[in-house]
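The sequence and structure come first.

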Amino acid sequence: MIKVSKLNKYYNKNKSNEIHVINDIELELPNQGLIAFLGASGSGKTTLLNVIGGLDKATGSISYDSFTMKKYEMNKIDKFRNENFGYVFQSYNLLLNETIYDNLRIALELINIYDEEEVSSRIEYALKSVGMYKYRKKKASQLSGGQQQRVAIARA
């Protein structure tokens, strides 16, 4: 479960062009199910997800089951995110000059999975799950936007 309490996020804080983008949010997300954030472009959906995912700083607290973050401590949240979150970015963040296989292999190495058999098995499963296994030897730059998105989902 993810619980957000008294979450606030500002851009240009204490300046004449200050924007209060997340305003004292209280939120509890269940362990299971599908959650959708809906709203107009620019309403803060991505900013909220970036804060919850530990990619962006805010004030307040965020609890993820047994881990609570009351202030952004980069090394702690990065370690926790790497071990517990799958993140699909709006821009996909694939390494365009690397193969699809290598994009996923590198992500596994970041969480200390190096065993070739394990890596191969996980990549095959993930890519087959999103219908992209036959493209594993192609470079990310050779794929359409939709295909890149599916690879990003497999990587997550």
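## The cavity

Strand E3 makes the largest contribution to the lining of the largest cavity, with 3 residues. Strands (E, at least two residues) and helices (H or I, at least four) are DSSP runs, numbered from the N terminus. A cavity is a set of points on a 1 Å grid over the protein atoms alone, where a 1.4 Å probe fits but cannot get out. Lining residues have an atom within 4 Å of a point. The whole structure holds 1 cavity of 30 Å³ or more. The volume of the largest cavity is about 40 Å³; a volume is the space filled by probe spheres set on the points, which are joined across faces, edges and corners.

The lining of this largest cavity consists of Leu7, Val51, Ala58, Gly60, Ser61, Ile62, Met69, Lys70, Lys71 and Tyr72. By class, 6 are nonpolar, 2 polar and 2 charged. Here Ala, Val, Leu, Ile, Met, Phe, Trp, Tyr, Cys and Pro count as nonpolar, Asp, Glu, Lys and Arg as charged, and the others, Gly among them, as polar.

## Basis of the model

This is a predicted model: local features need pLDDT of at least 70, side-chain atom pairs count only at pLDDT 80 or more, and totals for chains, interfaces and linings use all residues. Residues are numbered from 1 along each chain as its sequence is written, and side-chain values use heavy atoms, with hydrogens and water left out.

A pocket is an open set of grid points with protein on both sides within 12 Å along at least five of seven lines. The largest pocket has a volume of about 840 Å³. Its lining has 29 residues; Leu49, Ile52, Phe85, Gly86 and Tyr87 lie nearest the centre. Helix H1 (45-52) and H2 each supply at least two lining residues. H1 gives the most, with 5. The lining of the largest pocket splits into 16 nonpolar, 11 polar and 2 charged residues.

The second largest pocket has a volume of about 690 Å³. It is lined by 25 residues, and those nearest its centre are Phe85, Tyr87, Ala107, Arg155 and Ala156. H2, helix H3 (100-110), helix H4 (116-129) and helix H5 (145-155) each give two or more residues to this lining. H3 has the largest share, 6 residues. The lining of the second largest pocket has 16 nonpolar, 5 polar and 4 charged residues.

## Aromatic pairs

The count comes to 3 aromatic pairs. Rings of Phe, Tyr and Trp (its six-membered ring) pair if their centres lie within 6.5 Å; planes under 30 degrees apart count as stacked, over 60 as edge-to-face and the rest as tilted. Tyr64 and Phe80 form a tilted pair, 5.1 Å centre to centre with 40° between the planes. Tyr64 lies in strand E3 (residues 59-64) and Phe80 in helix H2 (residues 74-84), so this pair ties together parts 16 residues apart in sequence.

Phe67 and Phe80 are stacked, at 4.5 Å centre to centre and 10° between the planes. Phe67 belongs to strand E4 (residues 67-69) and Phe80 to helix H2, so the parts tied together here are 13 residues apart in sequence. Tyr64, Phe67 and Phe80 form one aromatic cluster. Tyr64 and Phe80 are both buried, Phe80 with a relative accessible area of 14%. Buried means under 20% relative accessible area, exposed over 50%, partly exposed in between (1.4 Å probe, protein chains only).

## Charges over Tyr133

Which charged ends sit over the ring of Tyr133? That of Lys128 sits 5.0 Å from the ring centre. That of Arg136 sits 4.0 Å from it. The rule requires NZ of Lys or CZ of Arg within 6 Å of the ring centre and within 35 degrees of the ring normal.

## Gln148

Gln148 is in helix H5 and is buried at 14% relative accessibility. A polar atom of its side chain lies 3.2 Å from the backbone oxygen of Leu143.

## Positive phi

Most residues other than glycine have a negative phi. Asn12 has a positive phi, near 60°. It is in the loop between strand E1 (2-11) and strand E2 (19-29), partly exposed at 34% relative accessible area.

Asn93 also has a positive phi, near 50°. This residue is in the loop between H2 and H3. At 41% relative accessibility, Asn93 is partly exposed.

How values were computed:
A polar contact is a pair of N or O atoms within 3.5 Å; within protein, one must be able to donate a hydrogen and the other to accept it, and residues adjacent in sequence count only if both atoms are side-chain atoms.
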